[in-house]
Structures are given as C-alpha cells and as structure tokens.
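Please keep the sequence and the model in view while reading.

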Amino acid sequence: MFIYEEFGMLDKPILLFIHGGGVGGWMWDGQVDYFKEYHCIVPTLAGHSSRNDETAFSIEKSAVELIELIESIKGDRPVHLIGFSIGAQIGLTMVSLKPRLFETAVINSALIIPQKSLLPFITPTVKLSFPLIKNRTFARMQAKELHMEGEWFEKYYEETLKIKKETLCTVLQENMSFTLPISFWESTTKMLVTVGEKEKGIMQKSADQITSANQNCCKLVIPRIGHGLPTALPSLFNKIVALWIEEQRILDEEAIQNELL
C-alpha cells in the first residue's frame with residue numbers, strides 16, 4: 001500500500017512532491033509549510049522511511065503507483081508535480097505515461113544519461129562502504145554534500161540508519177541506468193527543468209537533453225548551488241515553484257540573486 005501525507009487545503013489544486021533517493025518526504029517540510037493554500041501530497045517511496053522493509057524499488061513502478069493515487073483523488077482539480085533527483089526521474093516517467101494528467105511540473109536535478117560503465121561496481125562498492133554509511137561522522141560529510149546539514153542532519157542520519165543495503169543498491173542502479181521515456185515528447189505538461197550551477201557536467205547535459213526533448217520545457221540554472229536546491233535554499237526554491245505553477249514564468253535573475261545574498 002502506498003504511504004503518503006497530506007497538508008494544506010484538501011479541496012485546492014494538488015501539489016505532488018516526490019523526494020529523492022536515500023531521504024524521505026521530510027525533505028519537503030520547507031515546501032508544505034509555504035504552500036498552505038494548496039493540497040500538498042508527499043508520498044514515501046519504497047525502501048525509504050516507513051517503507052524501509054520494501055527493497056524492490058523501481059522508478060516505473062513508483063510512477064504507476066503515484067499515477068493511480070493522483071487519479072483516485074484529483075477529481076477535476078489541476079495537479080502540479082515537483083520532483084527532486086530520483087523523484088524527478090519518477091516525475092519524468094509519470095508525465096510520459098500520462099501526458100495530459102499534470103498541468104505543470106518542476107523537474108529538479110534529474111539524471112537521464114546512463115552511467116553504464118559504473119553499474120557493475122554498484123553492488124560491491126555498497127557492500128564495502130555500507131558500514132561507513134552508518135557512521136555518524138561520515139554521514140555528516142555526506143549530508144554536507146547533499147545540503148542536508150544543520151537542521152536537516154538528524155532526519156538525514158535517521159534515514160541512513162533505516163535504509164537497507166539491498167535498497168541502496170537498487171536505488172543507485174535505477175538512478176544510474178535511467179533514460180528519458182520514448183513518449184516524453186508527447187507530454188503537454190508545462191515543465192521547468194532546474195539544475196544547480198555547481199552540479200556535475202552530466203547533470204547539466206541531462207537538463208539540456210530534457211529541455212530539448214519536449215517543446216513545453218524551459219531550463220533554469222541556479223547559480224552557486226549544487227545537488228539539493230529544495231533543502232539548501234527552500235525560500236528560493238519555493239518562489240521558483242510558485243511562479244512556475246501559477247504563471248508558467250521563470251523567476252528573474254535579480255530575484256534569484258537577492259535570495260542568494
């Protein structure tokens with residue numbers, strides 16, 4: 001059974017927030033507090049948080065389950081999708097499977113270029129490093145890289161203690177082998193593809209390829225930020241999302257720079 005939380009006004013337009021791998025729905029705390037006048041839905045992906053006993057994680061299966069959830073509750077209300085990292089990959093799958101279900105989407109830091117040469121090394125690397133992942137000092141270093149330090153760290157560390165070795169392997173394999181669905185070009189969803197300026201080159205290329213694959217996509221590069229915009233700069237992320245879902249406009253450079261001060 002799919003597990004999700006609801007926030008805000010339950011009769012208003014729906015915002016679906018899909019979290020990244022290795023974290024939980026709690027990463028959207030800064031968003032659900034901001035978007036109180038919407039019906040915010042925050043699912044928990046298989047293998048994470050309260051679903052940590054499930055190790056059979058799948059991007060496509062997650063997409064299908066979430067589509068079923070949204071279709072069962074939306075009625076005639078518009079639905080907006082916001083996804084981060086593997087949650088963004090799930091989002092891309094969803095708008096491809098149901099090209100007219102979502103009015104808008106914000107796709108943050110989605111990898112779509114497979115890293116085939118690394119796939120054979122995932123399982124042995126995870127087996128060797130798994131004890132280290134549970135180490136609090138190492139977790140702090142990882143949290144800093146993912147912008148999960150400070151107020152986010154305890155929740156992040158709790159999540160790392162819960163996740164199983166098999167789940168971590170599956171999540172990494174799914175993430176690193178993901179490609180853009182063939183039917184993506186058919187989606188009528190108005191999509192904003194965002195990526196941090198300091199993210200890896202493969203993430204920049206992925207953002208370019210997503211944007212080029214559908215005429216309804218626009219791209220926004222966020223200055224001075226790496227992987228983890230929603231938790232690193234929640235105020236900026238919220239303004240970007242709000243302007244896109246309400247007006248399909250991109251936050252201007254001056255407003256972004258003011259948030260970065």
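Which residues does Met94 touch, not counting residues up to four places away in sequence? The model is predicted, so local features need pLDDT of at least 70, side-chain atom pairs count only at pLDDT 80 or more, and totals for chains, interfaces and linings use all residues. Residues are numbered from 1 along each chain as its sequence is written, and side-chain values use heavy atoms, with hydrogens and water left out.

## Surroundings of Met94

Beyond its neighbours up to four places away in sequence, Met94 touches Leu16, Ile18, Ala63, Leu66, Ile67, Leu81 and Phe102; contact here means heavy atoms within 4.5 Å. Met94 belongs to helix H3, residues 86-97. Helices (H or I, at least four residues) and strands (E, at least two) are DSSP runs, numbered from the N terminus.

With a relative accessible area of 0%, Met94 is buried. The term buried stands for under 20% relative accessible area, exposed for over 50%, and partly exposed for values in between (1.4 Å probe, protein chains only). From Met94 to Leu220 the C-alpha distance is 21 Å, and 126 residues separate the two in sequence.

## The chain as a whole

The chain contains eleven helices and seven strands. Its radius of gyration is 17 Å, close to the 18 Å that the globule rule gives for 261 residues, so the chain is as compact as a globular protein of that length. That radius is taken over C-alpha atoms, and the globule rule is 2.2 Å times the number of residues to the power 0.38. Along the principal axes, the C-alpha atoms fill a box of roughly 50 × 40 × 35 Å.

Of the 261 residues, 52% count as buried. Among contacts with a separation of 6 or more, 79% are between residues 24 or more positions apart.

Thr44 is located in strand S3, residues 39-44, and counts as buried at 10% relative accessibility. Leaving aside residues up to four places away in sequence, Thr44 touches Phe2, Ile3, His19, Ser49, Ser50 and Arg51.

Arg51 is itself buried, with a relative accessible area of 3%. Arg51 forms a salt bridge with Glu54, the closest N and O atoms being 2.8 Å apart; a salt bridge is a side-chain nitrogen of Lys or Arg within 4 Å of a carboxyl oxygen of Asp or Glu. Glu54 is partly exposed, at a relative accessible area of 28%. A network of salt bridges links Arg51, Glu54 and Glu65.

## Salt bridges between elements

Side chains of opposite charge can pair when their charged atoms come close. The structure holds ten salt bridges. One of them joins Arg136 and Glu154, at 2.4 Å from N to O. This pair links distant parts of the chain, 18 residues apart: Arg136 lies in helix H5 (residues 136-145) and Glu154 in helix H6 (residues 153-162). Arg136 is partly exposed at 33% relative accessible area, and Glu154 is partly exposed at 43%.

Lys219 and Asp208 also meet in a salt bridge, at 2.4 Å from N to O. Here the linked parts are eleven residues apart, with Lys219 in strand S7 (residues 217-222) and Asp208 in helix H8 (residues 201-213). Lys219 is partly exposed, with a relative accessible area of 33%, and Asp208 is partly exposed at 35%.
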